[in-house]
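Take a look at the model before reading on.

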Amino acid sequence: MGAKWIKIAVIYFILGIAVGMFMSSTIQLQWAAAHAHINLAGWASIGIIGVVYTLYPKAANSKLGIWHFWLYNIGLPILLLSMFMIQVRPGPFPGWGALTKTLVFGGGTMVTIAVVIFIVNVFKHVHESNAINAKNKVS
C-alpha cells in the first residue's frame, strides 16, 4: 500500500509543478491556495504517508489504512478541483457559488476524517516491533 501512496504523490508533484508554471507564466496568482494544497496535501503529505505505510505495512493493510486510503484519495481531488472552481466568477450557471462551497466543504471534510483515521492508525499499528527492517526486507 505504501507504494500506491508514493505513486499517487508523484502525480500530485507534477500537477503542482504544472499549476506553478501556469501561474508564473500568466501571472494569475489567484490560484495560489489551490496550488499550495496540491503541493502540501498532495505531493508532500501523500509522499510521507507512503513512506510511513512502506515502513509499517501492518498499518497500511489494516482496515483503518484502507479507509484512510479511500477517504483521502476521493476527498482530496474533490477539494482541489472545487478550490479551482470557486475562483471562476461568475460561474456558468445560477447556484455555482453554493455548489463550489459545498464541494470544498465536502472534500475538505473527507480529507479531515481521513487524517484523523491516519492518526488513530499510526498510534494503533506503528510500533518498533512491526517496522520493516533489514531482516525481513524483500529484495
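Helices here are DSSP runs of H or I of at least four residues, strands are runs of E of at least two, and both are numbered from the N terminus. The model is predicted. On that count the protein chain has 5 helices and 0 strands. The order from the N terminus is α-α-α-α-α.

**Overall fold**

- The C-alpha trace of the protein chain spans about 60 × 30 × 20 Å along its principal axes.
- The protein chain has 139 residues, and 32% of them count as buried.
- Take the contacts between residues at least 6 apart in sequence: 77% of them join residues at least 24 apart.

**Nonpolar core**

- The largest nonpolar core holds 27 residues.
- The residues with the most contacts inside this core are Trp-5, Tyr-12, Ile-46, Tyr-53, Tyr-72, Leu-76 and Leu-80.
- Elements giving two or more residues to the core are H1 (2-26), H2 (32-55), H3 (57-60), H4 (63-85) and H5 (96-125).
- H4 supplies the largest share of this core, with 7 residues.

**H4 against H5**

- The axes of H4 and H5 lie 7 Å apart, and the two helices pack at an angle of about 150 degrees.
- H4 is therefore roughly antiparallel to H5, because angles over 145 degrees count as such.
- The crossing of H4 past H5 is left-handed.
- The contact of H4 with H5 involves 21 nonpolar, 9 polar and 1 charged residues.
- Val-116 sits in helix H5. Val-116 has a relative accessible area of 47%. Partly exposed is the label for Val-116, because that class runs between 20% and 50%.
- From C-alpha to C-alpha, Val-116 is 8.6 Å from His-68 in space, while the two are 48 residues apart in sequence.

**H1 against H4**

- H1 and H4 pack at about 10 degrees, and their axes are 12 Å apart.
- The two helices, H1 and H4, are therefore roughly parallel, because the cut-off for that class is under 35 degrees.
- On the H1 side, the contact is made by Lys-4, Trp-5, Ile-8, Tyr-12 and Val-19.
- On the H4 side, the contact is made by His-68, Phe-69, Tyr-72, Asn-73, Leu-76, Pro-77, Leu-80 and Phe-84.
- By type, the residues of the H1 and H4 contact divide into 10 nonpolar, 2 polar and 1 charged.

**H2 against H5**

- H2 and H5 cross at roughly 25 degrees, and their axes come within 12 Å.
- H2 and H5 are therefore roughly parallel to each other.
- H2 passes H5 in a left-handed crossing.
- Ile-49, Val-52 and Tyr-53 of H2 meet Phe-118, Asn-121 and Val-122 of H5.
- This contact of H2 with H5 has 5 nonpolar residues, 1 polar residue and no charged ones.

- Is Met-23 buried or exposed? Met-23 has 8% relative accessibility, so Met-23 counts as buried, because the limit for buried is under 20%.
- Met-23 is part of helix H1.
- Not counting residues up to four places away in sequence, Met-23 touches Gln-28, Leu-29, Trp-31, Ala-32 and His-35.
- Met-23 and His-35 are 12 residues apart in sequence, with 8.9 Å between their C-alpha atoms.
- Ile-27 lies in the loop between H1 and H2.
- Ile-27 has 62% relative accessibility, so Ile-27 counts as exposed, because exposed means over 50%.
- What is the value of phi at Ile-27? Phi of Ile-27 is near 55 degrees, which is a positive value in a residue other than glycine.

Technical notes:
Residues are numbered from 1 along each chain as its sequence is written. This is a predicted model: local features need pLDDT of at least 70, side-chain atom pairs count only at pLDDT 80 or more; totals for chains, interfaces and linings use all residues. Side-chain values use heavy atoms; hydrogens and water are left out. A nonpolar core is a set of buried Ala, Val, Leu, Ile, Met, Phe, Trp, Tyr and Cys residues joined through side-chain atoms within 4.5 Å. Buried means under 20% relative accessible area, exposed over 50%, partly exposed in between (1.4 Å probe, protein chains only). Axes are lines fitted to C-alpha atoms, for helices over the stretch in contact, and angles run from 0 to 180 degrees between N-to-C directions. Angles under 35 degrees count as roughly parallel, over 145 as roughly antiparallel, 65 to 115 as roughly perpendicular and the rest as oblique. A crossing is left-handed if the near helix is turned anticlockwise from the far one by less than a right angle, and right-handed if clockwise. Ala, Val, Leu, Ile, Met, Phe, Trp, Tyr, Cys and Pro count as nonpolar, Asp, Glu, Lys and Arg as charged, and the others, Gly among them, as polar. Contact means heavy atoms within 4.5 Å.
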